Amino acid sequence: GFTKAQAEIDRADKVNAFKHAEAPFQRAKSTLEQANTALKGEQYDQALQLAAQAGTRAREAYAIAEVAEKQRLEREAREEKIAHAKDAIFKAEEGVNREARTQVPILMPGTYEQAKASLANAKSALADGNYERAITLAEQSAALITQAIEKAQKIETIETRILNAAKAIPDAEAERNPKGILIRFSGNLFAPGASEITPKYFPMLGQLAEIIKTYADYKVRIEGHSD
């Protein structure tokens with residue numbers, strides 16, 4: 001009986017019965033101590049009765065504490081999810097706002113807008129209490145921003161190379177604008193009244209063609225105007 005009573009007390013202790021069911025838990029411990037005292041005094045019948053009472057009170061404490069402990073764990077898990085969701089949204093929003101002042105929205109508009117949309121949906125999910133979805137969407141937004149930054153950096157690096165190469169072409173003016181790199185030839189590429197390119201520009205256009213072939217994955221818009 002003593003071993004069983006102690007096991008019941010230990011079981012109640014594991015679900016924090018000392019906190020959630022303090023009165024019955026303390027009575028169980030106190031009763032078991034009285035049982036031990038009676039056993040030492042060779043009052044065996046009384047010792048067994050007290051041990052049985054201790055076990056009963058420990059089970060009562062366990063029943064109360066188990067429910068309260070489960071609620072505590074669920075509450076803590078929920079609070080942790082909320083904190084995680086808020087943190088993920090904060091980081092995503094920080095990235096979206098930071099990159100709004102850079103070339104990322106210009107160079108990678110589609111990806112940037114997707115990141116903004118995911119962030120907005122994450123906020124809505126948080127407001128609706130769907131914390132898992134809020135976390136997923138916020139992390140998706142942050143990942144899209146990272147992806148946009150990496151691709152924009154790659155584009156900027158390549159545009160710089162194109163710009164430097166184009167500036168080395170005689171009679172060519174090169175500049176960066178929101179649409180990319182603009183390369184313009186000064187002078188008259190066409191003779192008056194003609195629609196054929198003046199031969200003297202062939203070497204320069206050949207140099208430009210080599211640049212275009214080097215970066216063949218990029219779109220090129222070609223315009224020419226005669227009189």
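The buried residues of helix H6 pack against helix H4 (44-99), helix H5 (104-107) and helix H7 (131-167). Here, buried stands for under 20% relative accessible area, exposed for over 50%, and partly exposed for values in between, with a 1.4 Å probe and protein chains only. Contact stands for heavy atoms within 4.5 Å. Helices (H or I, at least four residues) and strands (E, at least two) are DSSP runs, numbered from the N terminus. The model is predicted: local features need pLDDT of at least 70 and side-chain atom pairs count only at pLDDT 80 or more, while totals for chains, interfaces and linings use all residues. Residues are numbered from 1 along each chain as its sequence is written, and side-chain values use heavy atoms, with hydrogens and water left out.

Helix H6 covers residues 109-127, 19 residues in all, and its first and last C-alpha atoms are 27 Å apart, close to the 27 Å expected at 1.5 Å a residue. The expected span of a helix is 1.5 Å times one less than its number of residues. The buried residues of H6 are Thr-111, Tyr-112, Ala-115, Ser-118, Leu-119, Ala-122 and Ala-125. Because these residues fall within an arc of 140° when seen down the axis of H6, they line one face of the helix. The arc is that of the directions from the helix axis to the C-beta atoms. An α-helix has 3.6 residues a turn, so residues three or four places apart point the same way. Within H6, Ser-118 has a relative accessible area of 7% and is therefore buried. Not counting residues up to four places away in sequence, Ser-118 touches Leu-137, Gln-140, Ser-141 and Leu-144. H6 is followed by Gly-129, whose phi is positive, near 85°.

Helix H1 spans residues 2-14. The 13 residues of H1 reach 19 Å from first C-alpha to last, close to the 18 Å expected at 1.5 Å a residue. In H1, Phe-2, Ala-5, Glu-8, Ile-9 and Ala-12 are buried. Viewed down the axis of H1, these buried residues fall within an arc of 130°, so they line one face of the helix. The buried residues of H1 pack against helix H2 (17-20), H3 and H4. On the other side of H1, Thr-3, Lys-4 and Lys-14 are exposed. Just after H1, Asn-16 has a positive phi of about 60°.

With 58% relative accessibility, Glu-42 counts as exposed. At 39% relative accessibility, Asp-171 counts as partly exposed.

Asp-171 is also one of the residues touched by Ser-186; the others are Glu-173 and Tyr-201, not counting residues up to four places away in sequence. Ser-186 lies in the loop between E2 and H8 and is partly exposed, with a relative accessible area of 29%. Ser-186 and Thr-160 are 26 residues apart in sequence and 21 Å apart in space, C-alpha to C-alpha.

Helix H8 has 13 residues and reaches 18 Å from its first C-alpha to its last, close to the 18 Å expected at 1.5 Å a residue. Its buried residues include Met-204, Leu-208 and Ile-211. Seen down the axis of H8, the buried residues fall within an arc of 55°, so they line one face of the helix. The cover over the buried residues of H8 includes H7 and E2.

The largest pocket has a volume of about 1600 Å³. On a 1 Å grid over the protein atoms alone, a pocket is an open set of points with protein on both sides within 12 Å along at least five of seven lines, where a 1.4 Å probe fits; lining residues have an atom within 4 Å of a point. Grid points are joined across faces, edges and corners, and a volume is the space filled by probe spheres set on the points. The lining of the largest pocket has 39 residues, of which Ile-181, Leu-182, Ile-183, Arg-221 and Ile-222 lie nearest its centre. The elements that give two or more residues to this lining are H5, H7, strand E2 (180-185) and helix H8 (202-214). E2 provides the largest share, six residues. By class, the lining has 24 nonpolar, seven polar and eight charged residues. Ala, Val, Leu, Ile, Met, Phe, Trp, Tyr, Cys and Pro count as nonpolar, Asp, Glu, Lys and Arg as charged, and the others, Gly among them, as polar.
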